[in-house]
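Hi there,

Here is the structure I promised to pass on. My notes follow below it.

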Amino acid sequence: MGMLEGKVAIVTGAGRGIGREEALLLAAEGAKVIVNDVGASLQGQGGDKSPAQQTVDDIVDAGGEAVVNDGDVSSWAGAEALVAQAVDTWGKLDILVNNAGILRDKMSFSMEEAEWDDVIRVHLKGHFACAHFAAIHWRNRAKAGEDVYGRIINTASESGLFGNPGQANYGAAKAGIAALTIILARELERYGVRVNAISPRARTRMTEDLFGSMAKAEEGAFDAFGPANVAPLVAFLASPEAGDVNGQNFVVFGGSVWVMEGWTAAGSVQRDSQWTPRDLADAKGKLFETHPSAIPPFSFS
Ligand SMILES: NC(=O)c1ccc[n+]([C@@H]2O[C@H](COP(=O)([O-])OP(=O)(O)OC[C@H]3O[C@@H](n4cnc5c(N)ncnc54)[C@H](O)[C@@H]3O)[C@@H](O)[C@H]2O)c1
């Protein structure tokens with residue numbers, strides 16, 4: 001018996017890449033899955049329904065249950081309809097995997113307004129909008145006296161955790177998603193909901209042109225950057241077994257899973273009176289002396 005037997009799940013952006021693998025594995029573990037994908041290009045244009053339908057067909061062929069939703073998660077109406085479809089189709093929602101996303105990389109001085117707005121909208125608003133309507137569903141059921149089971153798994157990025165040049169829009173959205181995860185976890189815990197986030201590394205159309213080091217492994221070897229390696233952590237976090245895991249951000253790729261720690265104090269100067277700018281300048285050495293000031297080298301989106 002699978003770990004998600006009887007559960008109803010939504011996976012956004014599940015037509016391809018990481019989301020597709022997540023949908024396939026959730027279904028293999030017994031969940032009924034709404035496969036959402038607007039069918040956008042990497043830059044967020046167009047509406048090709050065939051990838052989402054392909055994911056559904058593959059789940060059904062393997063003996064699972066799935067239906068398509070081709071809505072845009074970054075609109076309030078699209079997110080509301082998505083959650084409503086889960087309830088209308090299977091009576092409830094248990095698991096929301098927020099994964100849909102686009103890229104519009106530019107240096108800050110070259111970025112245009114639409115490139116900023118679209119990336120923030122699809123990632124940050126797209127995550128929040130779906131979480132908002134899922135939260136309403138779970139809170140209403142809890143208020144009606146039901147024992148609620150809720151899981152949200154968000155998709156952040158190391159670009160947001162560490163800061164990747166050329167991704168001001170994307171990294172800011174992903175850092176927002178990491179913070180949103182902690183806030184939602186604190187807000188929704190009382191209703192039986194757990195909220196966690198992953199920062200994956202995988203070879204998809206989003207990264208295949210960028211990172212030669214993610215090249216496909218030879219036949220028979222472990223394909224460390226295959227997108228399927230991300231899905232087991234998501235399925236675990238979606239399961240009852242993860243009941244005491246809440247508000248956590250993970251990094252996941254290949255055979256590695258990391259739990260990340262957020263902002264922590266790294267150095268300090270203190271006194272019993274207000275600082276002046278001059279005194280702070282003079283105390284700079286002391287302020288940073290306990291601080292290794294090392295931002296880990298990083299080059300993944
Ligand atoms: N691939 C990586 O190494 C990597 C690294 C860090 C984070 N991520 C994140 O993982 C997630 C999945 O990325 P991927 O690499 O599989 O990319 P992908 O482009 O293969 O898949 C993203 C999917 O999201 C869909 N989508 C885009 N906008 C949408 C919208 N408004 N509504 C519904 N669906 C929409 C697209 O149609 C596409 O099928 C993204 O959030 C991405 O930022 C990926």
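A crossing of two helices counts as left-handed if the near helix is turned anticlockwise from the far one by less than a right angle, and as right-handed if clockwise. Helices (H or I, at least four residues) and strands (E, at least two) are DSSP runs, numbered from the N terminus.

This is a predicted model: local features need pLDDT of at least 70, side-chain atom pairs count only at pLDDT 80 or more, and totals for chains, interfaces and linings use all residues. Residues are numbered from 1 along each chain as its sequence is written.

Now the helix pair. Helix 4 passes helix 6 in a right-handed crossing. Their axes (lines fitted to C-alpha atoms over the stretch in contact, with angles from 0 to 180 degrees between N-to-C directions) come within 9 Å and cross at roughly 15°. Helix 4 and helix 6 are therefore roughly parallel to each other, a term for angles under 35 degrees.

On to Tyr 149, which sits in the loop between helix 4 and strand 5 (150-155). Tyr 149 and Asp 94 are 55 residues apart in sequence, yet their C-alpha atoms are 5.8 Å apart in space. Beyond neighbours within four places in sequence, Tyr 149 is in contact (C-beta atoms, placed from the backbone, within 7 Å) with Asp 94 and Gly 192.

Best wishes

How values were computed:
Angles under 35 degrees count as roughly parallel, over 145 as roughly antiparallel, 65 to 115 as roughly perpendicular and the rest as oblique. Two residues are in contact if their C-beta atoms, placed from the backbone, lie within 7 Å.
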